[in-house]
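Welcome! Please keep the sequence and the 3D view at hand as you read.

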Amino acid sequence: MRFYNFLSGYTLAVILLSLLLALTYFGTMAQVEVGLYDASEKYFQSLFLIDKIGPVPIVLPGVYLVSALLFLNLLLGAIIRARKSWKRPGMLIAHGGILYILLAGFVAFHFTEEGSMLLYEGDRADEIYNLTDWSIEVARHDAEGKRESAYVIGEEDLKPLWKKGARRTFFAEGMPFEFEIYSYARNISNSKGQLTGLPLEKDRTAFTVFEGGEVIDGLAIVPQETSITREANTPATYIKVKDSTGKVHVHSILVGANPFAPRPLTVEVAASGAVVQVPSTNITETDSGGETWSIDLTRSRYTLPFGVELEKFEKEDHPGTARAREYSSDVYRVDNGEATEKYHISMNKPMRYAGYTLYQASWGPPGAKPSDRLYTSLAVSRNPADQWPKYGTYVISLGMVIHFMQKLFAYLRRSARSREKKEVKP
Amino acid sequence: MILSSQNSCNAKQRLCCLLVGFSSLFLCGLSGGEDSYESKGLANYERWDAQIVELFGSLPVLEEGRLKPIETVARYKLLRMNSSKSLRLPVGGEKLKISATEWMLDCLFRPELAKKIPVFKVNNPDVLINLGLEPHHSPRERYSYEEFSSVVDPEGMPKVLRRLSELTNAYSKVLDDPEREQEAKQLRRDPVKAGTLSLKTNMNEFEWLVNTLNFARDGLGVDLGEISPEFVKTGTGKTSVSYFLEVFDKVREVARLPDGGEAFVAKLNTVFSILERDTMTAGIKDNSSMTSLAMFPPISRDDEEWVKPGYIIEQLTFKVDELSDIDKALFTRWAMPKIKALERLAGAVDSETEKVNSQIFLSELDSLHKNIVSEAEARSEYSKVKLEMFNNRAGLFHWALGFYFLAFLLIAFTWLAPASAFARFASLGVWAMTGVATIALIAGIILRSVMLGRPPISTLYETIPFITASAVLLCLFIEVFDRKKIALAVATLLGVGGMFLAMRFELKEARDTLKVLEAVLRSNFWLATHVIAINIGYAAALLAGAIGHIYIFAALFGVKNRDFLKAVTRMVYGVSCFGLVFALVGTVLGGVWANDSWGRFWGWDPKENGALMICIGILVMLHARMGGLIKDLGISMFAVFVSIITVFSWWHVNQLETGLHSYGFTDGIMFWLYLTYGIEFSVIALGVIAHFGIFPKLFGGREPRSE
């Protein structure tokens, strides 16, 4: 009972809220040094974290754990244990709303799928790209160059390779070769997106070859400082493609690429098992009668259950400036290859379909001149708790207004009474 | 009793001294610290005719995406260079107050005179020493352009200006190099280097401004009639640009003549390079030049982009082949009167002596003004320009500041004799002045809202008057019911503080505070709900902290009036609850907006986190009180802590230069932020001292058990 009282009591609420306050502050300040994503992972999405006060490491609960405990504390203290009376319905309602929003947070955290879609006018796509996560895609192509099947190594499997000296061999059933990834660099670009971490051999002064790395075809990987804006990083890695006996056939560098300019490593696998690197442009040619495969270090992508075709993208600037006043996309939903329904997506007015929401996020390319062709950038998300916070807000507002209005009127009544008393006294 | 009376007398004297000191400090801060340096060549400065100033100031121009009176453009240009929206010129032993519009008229039509006007404020004398220039005696004195340009090297080149360019070019290389980010950060923080860069920017802006109407004042610089008999001789040695535009086809014909064409072209080469430069300074389309005045309504009613004079010249010369014959004829008919009007205007000023023929100038300006304004009215664009003129002249925020200040002084004087008839009478005055100030403040906010056609808070600057007004209204609401003059005093102090902050912020930024919005912010529904709610939350949290100070100091000095202490606690608690409602609802509404715009409810963005921290801070306070962990003094200390969080959320997170809300970065405020934190944490520490009753013990008083 004592434990239950503690678990549902104000003391625990104060401790948890104070921890939440401190963690939010630390997590906010950490963003300056490590960026939003790394700070979020460390402080906001973790059960525990290790921070340092000076040189002394301390273990703290993460926001995830604190929020879970707060949920429990609220449920027990403010809903189950709280006195339920018509005289104070406001706080019950408000706490209910907060619980609902916390629940929405948990659902969103675990079940949300997010990505981006970049389309020029006339383009059609059914894939979305995650701007922060990278993956290696290994795909077999048919005679026309179309992808037939693909194996995907996601960000989580690549993370162990971030460590110095780490290397790993990947293989799968149906894949006629295996490949080894090593000396993976999280970023080889500078803040302007130039690949400064991939200098030519002749630029000897710029060379500090990665530990375990080497010069291949006059190029070497020179890791650059990781940008705190995670989407600005361009990874690169050394790759060795081997046959089943472990013999290295292709030794190359894989460089991360955006969806519009893929830089795959294309190989041809002969019937004998020999693997030969071919130019990416020759992806459709299979001289040896074998199979053509591509290995691509790309932003992680997901396929939508429907396609989208951009009919028109409009960007309107404030007069006499290059500052966007409004931008919008007219798109068609594509089902089974057929354009079906038309949608107008603009800022604050997304398209919603089949549990997915498509937002007008941005446009590009950055620094485009007025005459340049522009693409639209649509943010896509699938969040089962999409609208829950909105309803939660209504509930909280209602509860708090009821509660504080009751308090205010009580105060005003008291004030009026005490004034009356004072006036009577003399 | 005698001792007590002496103490009371001393206290009153101290209070009086404090008030006088505060007033002096305040007035110093308001004055902007402007001293003028007697510049040569200004002894015969002639002021512009008042009607000319009025008409010119009300000409509409398009700048930063918004149509505004030239007066506004002039005011902010001058503010950037001079740290004040007007000038005080020492002329003949007198100090003439020159408005920004007059100064701009000087720059455009009397450029040589304008170069003599001390207009550049240089805060750090090392910037000048670094450039090889002797700083003036007073750091408050301004510098004229001529002071920089007149220092020449043995080859006759302007030494200081060249040094300035060399230094800033070197700094720019660092700033533009992505590999030297750390070095760039240090450079921006270095007061001398940052000051040098700022001076260069101001110099460029000034140079651009004085050269804007070169084409109208100086013409081509040669007489076409003297080069070829095909053209009319002017007799003045220079052909006007309008004549050149009219005969441009013929100029090309003559240039193509096999006989003498080449020689003609050779003589025209210089003309073309000068014309190209003057076209640029007069402003072409798609050119984000510093000053060029987009002063002509576009030819098409559907087009929103107003036209700069340089664009007209460019279309009729360098880009004339891009127009069809019909378009060219139409454009010429529309454009030529505009170029000629500017030339006639410039012609009313003697090119040698820069003396203005006011009668001719006024008549030409009147005609130009009528044409532009009638077109603007036909496009339904002029009404807001008139409203802005009214806003500029009315200076409602300045009135609000003045009245709040007077109200504060008056209420402070009532503390000398709180129970006297004077105090009762003065209270009415305080109410009246606070009321007038608040009406002026709210009227100013509404006026800005009407001019921009959107809710009143979308930029960091706009949050200041809004939060001030919200906090003051809350105080007045409390005072109506409480009538202890506590909230009224806080209202006046917050009014002064808020409006003073707004004024200093405007000075620091020196940019037009009426801004057009980014696409994502252009949602009146969300601006009117989320942004307003969150800012009311900020206002309440700051107010609760401000009232919390009263309790802490009362407890510190051993005040034992329970009614008073209870009343203060009620206020702190009530205002905190009020703040929680708005901060929480505002924060969640922000998430809902983000969900509608970007597809994510919560992104742990620093600004979102700041708002969340305010909510959590108040929640900790309320739950700690309900759990019996803190009492009255603790509530006040917590309220002060929450106000620190509010300052962090309101200002500090914008300085982190990360996240979606990093729009509000303001250079050079970190010192003030840390000073605020230092003071407020000290107040909390005083609360701890008050809790243990140390202070009254030291002075022989009894322990105040305020809790």
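Two residues are in contact if their C-beta atoms, placed from the backbone, lie within 7 Å. By that rule, 58 residues of chain A and 54 residues of chain B take part in the contact between the chains. This is a predicted model, in which local features need pLDDT of at least 70 and side-chain atom pairs count only at pLDDT 80 or more, while totals for chains, interfaces and linings use all residues. Residues are numbered from 1 along each chain as its sequence is written, and chains are lettered from A and ligands numbered from 1 in the order in which they are written.

**Where the chains meet**

- On the side of chain B that touches chain A, the elements giving two or more residues are α25 (562-598) and α26 (606-626) of chain B; helices (H or I, at least four residues) and strands (E, at least two) are DSSP runs, numbered from the N terminus.
- The largest share of that side, 14 residues, comes from α25(B).
- By type, the residues on that side of chain B are 31 nonpolar, 13 polar and 10 charged. Here Ala, Val, Leu, Ile, Met, Phe, Trp, Tyr, Cys and Pro count as nonpolar, Asp, Glu, Lys and Arg as charged, and the others, Gly among them, as polar.

**Chain A as a whole**

- Chain A has six helices and 17 strands.
- Its C-alpha atoms fill a box of roughly 110 × 55 × 45 Å along the principal axes.
- The radius of gyration of chain A is 29 Å, whereas a compact globule of 426 residues would have one near 22 Å (taken over C-alpha atoms; the globule rule is 2.2 Å times the number of residues to the power 0.38).
- Among contacts in chain A with a separation of 6 or more, 56% join residues 24 or more positions apart.

**A sheet in chain A**

- Four strands of chain A form an open sheet in the order β6-β7-β8-β9, with antiparallel pairing (two strands pair if DSSP finds at least two bridges between them).
- β6 (167-170) and β9 (248-255) of chain A are the edge strands; each has a single partner strand, so one side of each is left without a neighbour in the sheet.
- Four bridges join β6(A) to β7 (residues 178-185) of chain A in the antiparallel sense.
- Arg167(A) has Tyr182(A) in β7(A) as its bridge partner.

**A residue to look up in chain B**

- Leaving aside neighbours within four places in sequence, Leu543(B) is in contact with Ala471(B), Leu474(B), Cys475(B), Leu494(B) and Val575(B).
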